[in-house]
Amino acid sequence: MTPDRRGPAATPGLDGEVTEALLRLGRHLRRGETSADLRTIIEVGGREADAFYRDRWSHDKVVRSTHGVNCTGSCSWKVYVKDDIITWEAQQTDYPSVGPDRPEYEPRGCPRGAAFSWYTYSPTRVRYPYVRGVLLQMFRTAKREAGGDPVEAWSLVADNPKRRAAYVSARGKGGFVRASWREAIEIAAAAHVHTIRRWGPDRIAGFSPIPAMSMVSHAVGARFISLIGGVMLSFYDWFADLPVASPQVFGDQTDVPESADWWDAGYLIMWGANLPVTRTPDAHWMAEARYRGQKVIAVSPDYADNVKFADEWLHAQPGTDGALAMAMGHVILNEFFVQRETPYFTGYVKRYTDLPFLIKLDERDGYFVPRKFLTAADLGSESEGAAFKTVLLDAATDEPFVPNGSLGFRFGQQGEGRWNLDLEGRDPLLTLAGGGAEAVPVRLVRFDTPDGTGRVLRRGVPARQVAGHLVTTVFDLLLANYGVRREGLPGDWPSGYDDPNHPYTPAWQEAITSVPAAAAARIAREFADNAARTRGRSMIVMGAGTNHWFHSDLIYRSFLALLTLTGCQGVNGGGWAHYVGQEKVRPLTGWTQLAFGLDWSRPPRQMVSTPFFYLATDQWRYDALDPGILAAPGEAERLDASSTADLIARSARMGWMPSYPTFDRNPIELVEEAEARDEDPIAYTVGALRDGKLRFACEDPDAPENWPRVLTVWRSNLLGSSGKGNEYFLRHLIGGDSAIRDEEVPADRRPREVTWREPAPIGKLDLLLSLDFRMTSTTLFSDVILPAATWYEKHDLSSTDMHPFVHAFSPAIPPPWQTRTDFDWFQLLARAFSDMARVHLGKRRDLVAGALMHDSPDELSVPGGAARDWKRGQCEPIPGVTMPRLTVVERDYETVAERMTALGPLLDRLGATTKGTTFDLTAAVTQLKMKNGVIRGGAGDGRPSLLEDVHACEAILALSGTTNGSLAVQGFRDLERRTGMRLADLAEEREGDHITFADTQARPMPVLTSPEWSGSESGGRRYSPFVINVERLKPWHTLTGRQHHYLDHDWMAAFGEQMPVFRPPLNMSLLFGEPQLGSVTELGVTLRYLTPHSKWSIHSEYQDNLLMLTLSRGGPTIWISPADAAKAGIADNDWIEAVNRNGVVVARAIVSHRMPQGTAYMYHVQERVVDVPVAETSRKRGGIHNSLTRLAIKPTHLIGGYAQLSFAFNYLGPTGNQRDEVTIIRRRSQEVTY
Amino acid sequence: MKTFLWVIVPYVSIVIFVGGHVWRYRYDKFGWTTRSSQLYESRLLRLGSPLFHYGILFALVGHVIGILVPQRATEAAGIGDPIYHVLAISLGGVSGFMTLSGLAILVYRRRTVGPVFSATTVNDKVMYVLLAGAIVLGLLATVFGNALAGGYDYRESVSPWFRSIFYLHPRADLMAHAPLVFQAHAISAWVLYAAWPFTRLVHLFSAPIGYLYRPYIIYRSRPQGLGARPIPRGWERADIRPRRQG
């Protein structure tokens, strides 16, 4: 029965007698016809005012484009143009369908996106090239002195201490003057040429993040930097967005489900991800899926916007998410594996995880310690890669056997056709319990101590002798680690869920997280129960809130364990959904070739940014953190390092992580020295290193010859956004004013292997060049600014991890004023560079030292992940095995511009290899020749043209399997040979499809299934990662070929992190002398200082947008709870100062009940260009969010050269985390000056 | 001087008043507004605005009777001098007091309520001075010139002078001998009229009187034409659709 919505019968007539009388009178006073009920009047005409709004909304054309900001939305927009002026934008609605019976992509396109056109003509638009006046004058003078030679002129400026100091110290203090584009480019090119000549090409660096947000604009600059031998700096690890746990567990970096797959989940946990705020255009799926019966949980310390969508809210204290996840793991292991068996889970973990694999136990001090995986080599096999073939026990025969699919099968001849997950009918034992196993006590580690240091945890596992080794399974170790008690095993076990003292029970976590034990247990049970019933459709959306911590890799590993134990990975609607940035370049192979110039020379120089900036900005000089404190009990001595800088140097010389600048000498001169002695440059270098005549630059980062000299920043706001330790950047790298309040570490705590120089260098960079369309916190400190085109003024491509489509940027107007596209600027720079190089550089030979690479045979260089340092006599220095791989690369500097604009010949010869799959590109190159045309003359004679941005777009699309069906099929065939599994059919349905740039301009184009990624779009399926692994038995790219819970590298053992454990946030008061959290003094209240991602400011839009500022408080703000505000006498909207050892921030307080006590939020990237007053503390302009942060490098992130723990660019590297920080907040004088 | 003040000033003011409104209507149609501040503050406004507006409407009626209607006419209607004076002083005083207190509330509100003050332009401030000046001087004229000082019969001098302006036969000498306070009130009024078209006071001509007797909903159908534009030659409507029956 439907309720009667009409209510009481409406009586005719209006408001009363008088009114009606007036209206009846009105009939005679007005033209037009009044209706009988006196409610309406009908007139003819009188619509002259229509012309006004018709004119307002009339336009000349509509152009499709999108926003190249680090937003995972990638919404397609209609850009309206009227009289050659961009007037407004509106949402496109022609996205590909996600399939019947599910919600579509639309509505998408948020108010922040709709506010973008403001930038085109905004007051902060950079319209002309700018050079700081003092530099420009000096350069002009020097050029006259040098007889008109710009390179010599640059030398006269940059190498003259007095002149150098004059312009370096002026950085950040205004003084820009307009320069002609010729002169600005001349200065930049001269600096590049001179730096290569004097210091070496690896002293030149480029920083430009998130290629997916505008691939061609990224690629063109990276191509220039790479072709001249410069260093491209990573961004993903630097942002701390990179989950180190992803390579650790999956052997792959951030392959995640598209947002439409949330709809497929039966149970969804939003864990540190605020979907409606940071994933606005996609959040609707989460809301809609609830109507389908999905249960939604939010885990967040504050009452965040997403919490109100959730069925339940678990308010874990900041940084304690790992404890909650460990307790949930405890419940799942106990109830779904030990108390009763869950066939789906058991079947899954046996086939797709490392849980049944055997681990050797070594005896030490009366305990057994878990060590390495038992391998075929331990069984006496001498087959190819035997030390990388892990071993299972056959349940039927009780004999060990070597299954297919481990790393040992991946690269050699013998492994062909056997790198797969086919167990060939055998059933591996998951646990050794029963069947004659002995119970042995194992030494595990717990870190849930007040100071965060490790304590021994003694728990027993069932173990057996196999081939002379005492072994147990990963599963048995995991049960012990999680504290899941089984009968007959010795050790300290929890008495039950309500035991608060023994990790990792629900009651134990309650004391840490404040989440009720019963709730934690219940949610864990529901999560697993749903997974068991739906065969893996439980999902965790995880975000930056849990990912920017020092120990985030552990937090993530404990999350991922929940998913792998319950069989959720590789299942639509299940698994991890980690969204932190628009990181996925779907047409990966094409972009890689272009961006790193792999079509002309290999290898490119690619650097992990965190150690780079840690050393370059001298943050290491202030970092008193002793890595030994982080180690497992008894391991600090074995580690034998007194500082993080020592470990960085060690990681570099062992070839684990890349290191640029590499040596304390110009790598070009190094080759020349060797050639002068008629020696092989590589042998000569190894000899010089061994003899100590040559050192790594990272062993003496403050020596002038080891400084980075030229840094180019484009599509990026390095100093306003990701520059953790902003004040250290400003002092040591930039040379401007800074507000560092910390002291350098005392002599007894300094690095032992890294040289300390006094005084610390100020302003290491000779040139900071930036390209941008708006004035930012970075351009303010740059020497030269080139005005860039906006996203409505260029051709480019966009793709994301959250949507399986690729679409175009198109220019609505040509770049106005003197702006140009990044593409044009770098072409100009390359041309000017080549002209100067003709005189000053010519052809050179450059020695490139590269780290041991992921997805390559380098993974097999050190069995068992032994940490052996040749410098300390533990092994011989062998390039590519125990030290970096050394390669001599020809650099023809005169032809850089010609190489930039032509697709080089190496592609035809070597093809392109992505994640171990090699693509034959000959057909695609031939196609490109016809599509783009061919270059005539010069170095690129006869090669496909890359002269225009559209050509580059076509090249990216033609050279990738995701956009070129025949390549995808061919790549899968390559993979079929290796795996022996059927794969090519996944792409064959679209083999003839080739997405062209015109297609992407017409509408967003769905991409193809390709071996570049682990998921499948075949048959219109929603993208979910690892479904190829699960359904086609293709191994993960790990040691065992399965998803890992256990990591056996030496350093993982040294730090007690072989398995997921809980480690609390760093104790800043103990480690760095900050006040205790929550303490109140006359200086203010001490709070946890978090910098979460905000609603706009970078992730969708920038903070300086006037339209958006008008809707907010219009300047920098810090959120605090009413309780904390009361402690420090702060009222809402008061000016406050936040101070710690790293610097000072001035902002207004937002006092809100939404905030938990003890925590302050300063949202990410609030620009220093808007309303930043002078600080009382420093008497300098109050800083930005990163003024209070400083890098702390987790040693285990420096591991490399072993199985999945091998370096690849933006795949593995130390994170630039910043969440563990604290700050003192106080009310300041309300009178502010600027 | 006499001619300037009582002949030139009025005519110039009238020309500006009329011409200014025409100009403003043609060139600033979308600026033709009261720039209402009700959104920022409504409590004081609810008190001050009706007080002021009804007060000034009463005053307008008073002025019509006192200045435009000749003394002969009122006498012919049987309203003698004493009655006229009692009415003029009492009603004039009440309306003047309403207007002035309403204005005081509005000015107080405009100065003390932050958002309202922020929305106040220089133009507004000048307008307030002129408006307040004219009202205060008018009230002074009523009180001092009429009640206290034994009475001055402006209907002998000011009124005929005012009417004479419209007969295009200005009699400046009538005004030259009027008391200062009347002169000042008259001049302040002419200056106000000259400023009128350029201020928010234009809303006088947009008073929503029609709402009293108009239905809420108006449907405006298109006239014969193409949208809102005139039909260019050759673009006449083909009339292939059946027209809706009215």
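This is a predicted model: local features need pLDDT of at least 70, side-chain atom pairs count only at pLDDT 80 or more; totals for chains, interfaces and linings use all residues.
Trainee: Why is Arg757(A) called partly exposed?

Mentor: Count the neighbours. Arg757(A) has 13 other C-beta atoms within 10 Å. Buried needs 20 or more, and exposed means 12 or fewer. The count of 13 falls in between, so Arg757(A) is partly exposed.

Trainee: Where is Arg757(A), and what does it touch?

Mentor: Arg757(A) sits in the loop between helix H26 (726–734) and strand E24 (767–772) of chain A. Leaving out residues up to four places away in sequence, Arg757(A) touches Asp702(A) and Ala703(A). The cut-off for contact is 7 Å between C-beta atoms.

Trainee: What makes E24(A) and E25(A) a pair?

Mentor: The bridge count. Pairing takes at least two bridges. E24(A) and strand E25 (residues 784–787) of chain A have four, so they pair, in the parallel sense. Within this pairing, Ser770(A) stands opposite Ile785(A).

Trainee: Which sheet holds these strands, and what makes E7 and E22 of chain A its edges?

Mentor: The sheet is open, with eight strands in the order E7-E6-E25-E24-E23-E8-E9-E22 (chain A) and mixed pairing. Strands E7 (176–178) and E22 (605–607) of chain A each have a single partner strand, so one side of each lacks a neighbour in the sheet. From one strand to the next, the twist averages 20 degrees.

Trainee: Which helices lie across strands E8 and E23 of chain A?

Mentor: Helix H7 (residues 181–198) of chain A lies across E6, E8, E23, E24 and E25, at about 125 degrees to E25(A). Helix H8 (residues 215–227) of chain A lies across E8, E9 and E23, at about 165 degrees to E8(A).

Trainee: How do you know that strand E20 of chain A is largely enclosed?

Mentor: Five of the five residues of E20 (residues 538–542) of chain A are buried, so the strand is largely enclosed by the rest of the structure. Ser538(A), Ile540(A) and Met542(A) point one way, Met539(A) and Val541(A) the other.

Trainee: Which strands pair with E20(A)?

Mentor: Strand E10 (residues 267–271) of chain A pairs with E20(A) in the parallel sense over five bridges. Tyr267(A) stands opposite Ser538(A) there. Strand E21 (residues 575–578) of chain A is joined to E20(A) by four bridges, also parallel. Here Ile540(A) faces Trp576(A).

Notes
Residues are numbered from 1 along each chain as its sequence is written. Chains are lettered from A and ligands numbered from 1 in the order in which they are written. Helices (H or I, at least four residues) and strands (E, at least two) are DSSP runs, numbered from the N terminus. Two residues are in contact if their C-beta atoms, placed from the backbone, lie within 7 Å. Axes are lines fitted to C-alpha atoms, for helices over the stretch in contact, and angles run from 0 to 180 degrees between N-to-C directions.
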